[in-house]
Amino acid sequence: GANGGVQIRSILSPPLPPSSQQLARVATMPPEQKTRFEQQQEGQKAVAQWNMKGPQPDFDWINRFTGNLYEQGTGRGEIAWRGQVVEAKTGQKPRLLGTFADGDALKGYIRVNDWNQWQIIASGNTITQIINGHLMSVFINNDPTISQTKGLIGLEIEGPGVLKISHRNMWIKDIK
């Protein structure tokens, strides 16, 4: 259940408290589910200082989201799926410009439970993801209200229970 994306061009952003809608749902939950929700909220407080907001090329254990581009904390969520070129403009939902490959076929190039070579290229307003030499997704962010060309880099580890995610031979290259 582990998810190990890489936050790029991000900012620190403590998680928001539960909304009134979430609290209303919690009130109707069975006791066991309510306890899990409360434990999750406490767990988030413990790591709140490391919570980030921004684009996140994704890599997960079951290969469901690997190669996608997710946006943490902006409300847009999944913004580019494997095989897609997507563009965002101010005041509009991100839109599909085109597909260059079948997303399920691209999964075949990802080695589950093994090392993968992952290139994340952030140049100008474009983020490109390549895994094991195969283009996975491209996102063009032409929305200056959300887009950032600078920011923090963070290694994500997310999921239930005790998790281990490994990274090695990481390089950061300024491509100006």
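1. A definition to start: the radius of gyration here is taken over C-alpha atoms, and the globule rule is 2.2 Å times the number of residues to the power 0.38. For 176 residues, that rule puts a compact globule near 16 Å, and the protein chain has 17 Å, which agrees. The C-alpha atoms fill a box of roughly 50 × 40 × 30 Å along the principal axes.

2. Before going on, a word on where this comes from. This is a predicted model, in which local features need pLDDT of at least 70 and side-chain atom pairs count only at pLDDT 80 or more, while totals for chains, interfaces and linings use all residues. Residues are numbered from 1 along each chain as its sequence is written, and side-chain values use heavy atoms, with hydrogens and water left out.

3. On to the fold. The protein chain has 3 helices and 10 strands, counted as DSSP runs numbered from the N terminus (helices are H or I, at least four residues; strands are E, at least two). Along the sequence, the order is β-α-α-β-β-β-β-β-α-β-β-β-β.

4. Contacts next, meaning heavy atoms within 4.5 Å. Take those between residues at least 6 apart in sequence: 58% of them join residues at least 24 apart.

5. How much of the chain is buried? Of the 176 residues, 32% are, where buried means under 20% relative accessible area (1.4 Å probe, protein chains only). The chain exposes about 11400 Å², with carbon and sulfur atoms supplying 54% of that; the areas come from the Shrake-Rupley method with a 1.4 Å probe.

6. Have a look at strand S9 (residues 134-142), which pairs with strand S5 (residues 84-89) in the parallel sense over 6 bridges. Two strands count as paired if DSSP finds at least two bridges between them. On this side, Lys 89 has Asn 142 of S9 as its bridge partner.

7. S9 also pairs with strand S8 (residues 126-131), this time in the antiparallel sense, over 6 bridges. Here Gln 129 stands opposite Ser 137 in S9. S8 and S9 make a hairpin with 2 residues between them.

8. Which residue in the turn has a positive phi? That is Asn 132, at about 50°, placed in the loop between S8 and S9. Is Asn 132 buried or exposed? Asn 132 is buried, because its relative accessible area is 15%. Leaving aside neighbours within four places in sequence, Asn 132 is in contact with Tyr 109, Ile 110, Arg 111, Asn 116 and Gln 117.

Conventions. Buried < 20%, exposed > 50% of the residue type's maximum accessible area, 1.4 Å probe, protein only.
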